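Try each task before reading its solution.

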Amino acid sequence: MTETVTRTHRDGKQQIADSSTVEDVFDDTYKEKDGPKPPTALVWRNIVLMSVLHAAALYGLVLLPSASVPTLAWTAVCYIISALGVTAGAHRLWSHRSYKAAFPLRVFLALANSMAFQNDIYEWARDHRVHHKYSETDADPHNATRGFFFAHVGWLMVRKHPDVIEKGKKLELSDLKADKVVMFQRKHYKVSVVILCFLLPTFVPWYFWGESLTVGYFVPGLLRYAVMLNATWLVNSAAHLWGNRPYDKTINPRENRLVALSAIGEGFHNYHHTFPFDYATSEFGCKLNITTAFIDTMCFFGLAKDTKKVSKEIIAARIQRTGDSSNKSG
Ligand SMILES: [Zn+2]
Ligand SMILES: [Zn+2]
């Protein structure tokens, strides 16, 4: 069942308070502190790990021609599963509560999320709510006004701005703490990542069709992981810098088809920041949006329900009021 929601963003005219309301609405009362910005402190451990991962992914690219067809298909499967763990799981379900998922689906999404290895669900959802609430300010973990590189990966290579930490601590996260699946994944996060992000992608091709362990480790393992990471980061970098703003021209996030394709539906970012509670993160349903198709399929099988959707009238009124007149951008 799709529930039409009249909750609005930024202008806050009408907000429906229900149990699934989360703190993902832009807070324009926050003001950045005056004076010089705190110095940037590099986190060398992350810089080294990211560099090694990307060098290994390049080696995976070199090995790609020697991978068998089943291994390539398995790489694609691992890519989609880990992407869903982020898009359908950490993002649309746990950060935004844009639909409800039954226990088996939540377990699948938590496992898929460990395969994606992008911090556990609790931490990911907390950072993401802060990103929406304080978008493009010092309190935004990947503040895109600091440039493409910072919004893409640089934010993971430096210490967080104190305001990100301060505002993150003040967020309401009781819904995440109450979800046993989220807290179980957090408790066993490291071991789940080792098994699902590295061992499973490597050993399945080796065990079932005799692929070499080297190809298994570097192609469905590290290359798939690095490409998935970059696809997710493009939502924070490219989709905050390049594209049209048909719904709200006063905010930075934009509609970017290329990002929608690589991040399986998360590139309709002007729409998403305007209506963060919409389960499709897009006006256009399943178009370029595997995640929405997946959630619809889960609804069909009774594993998901109560998908929130913005009504056509509200979208049209918003386009009229704050859009940049490019509303065919899709
Ligand atoms: Zn964003
Ligand atoms: Zn979001």
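Predicted model: local features only at pLDDT ≥ 70, side-chain atom pairs only at ≥ 80, totals over all residues.

**Exercise 1.** Find out how the radius of gyration of the chain agrees with that of a compact globule.

*Solution.* Start with the length, which is 330 residues. For the extent along the principal axes, the C-alpha trace spans about 60 × 50 × 40 Å.

**Exercise 2.** Describe the make-up of the fold: what helices, strands, buried residues and contacts does the chain have?

*Solution.* First, count the elements: there are 14 helices and 4 strands. Next, look at burial: 47% of the 330 residues are buried. Finally, take the contacts between residues at least 6 apart in sequence; 70% of these join residues at least 24 apart.

**Exercise 3.** Work out whether helix α2 is parallel, perpendicular or oblique to helix α4, and which residues meet there.

*Solution.* Locate the helices first: α2 covers residues 69-95 and α4 covers residues 121-133. Their axes lie 9 Å apart, at an angle of about 60 degrees. An angle between 35 and 65 degrees counts as oblique, so α2 is oblique to α4. The crossing is right-handed.

Now list the residues. From α2 come Gly 89, Ala 90, His 91, Trp 94 and Ser 95. They meet Ile 121, Trp 124, Ala 125, His 128 and Arg 129 of α4. Sorted by class, this contact has 5 nonpolar, 4 polar and 1 charged residues.

Definitions and conventions
Residues numbered from 1 in each chain as written. Chains lettered and ligands numbered in written order. Helix = DSSP H or I, 4+ residues; strand = E, 2+ residues; numbered from the N terminus. Rg over C-alpha atoms; globule rule 2.2 N^0.38 Å. Buried ≥ 20, exposed ≤ 12 C-beta atoms within 10 Å, placed from the backbone. Contact = placed C-beta atoms within 7 Å. Axes fitted to C-alpha atoms, helices over the stretch in contact; angles between N-to-C directions. Parallel < 35°, antiparallel > 145°, perpendicular 65-115°, else oblique. Left-handed = near helix turned anticlockwise from the far one by under 90°. Nonpolar A, V, L, I, M, F, W, Y, C, P; charged D, E, K, R; others polar.
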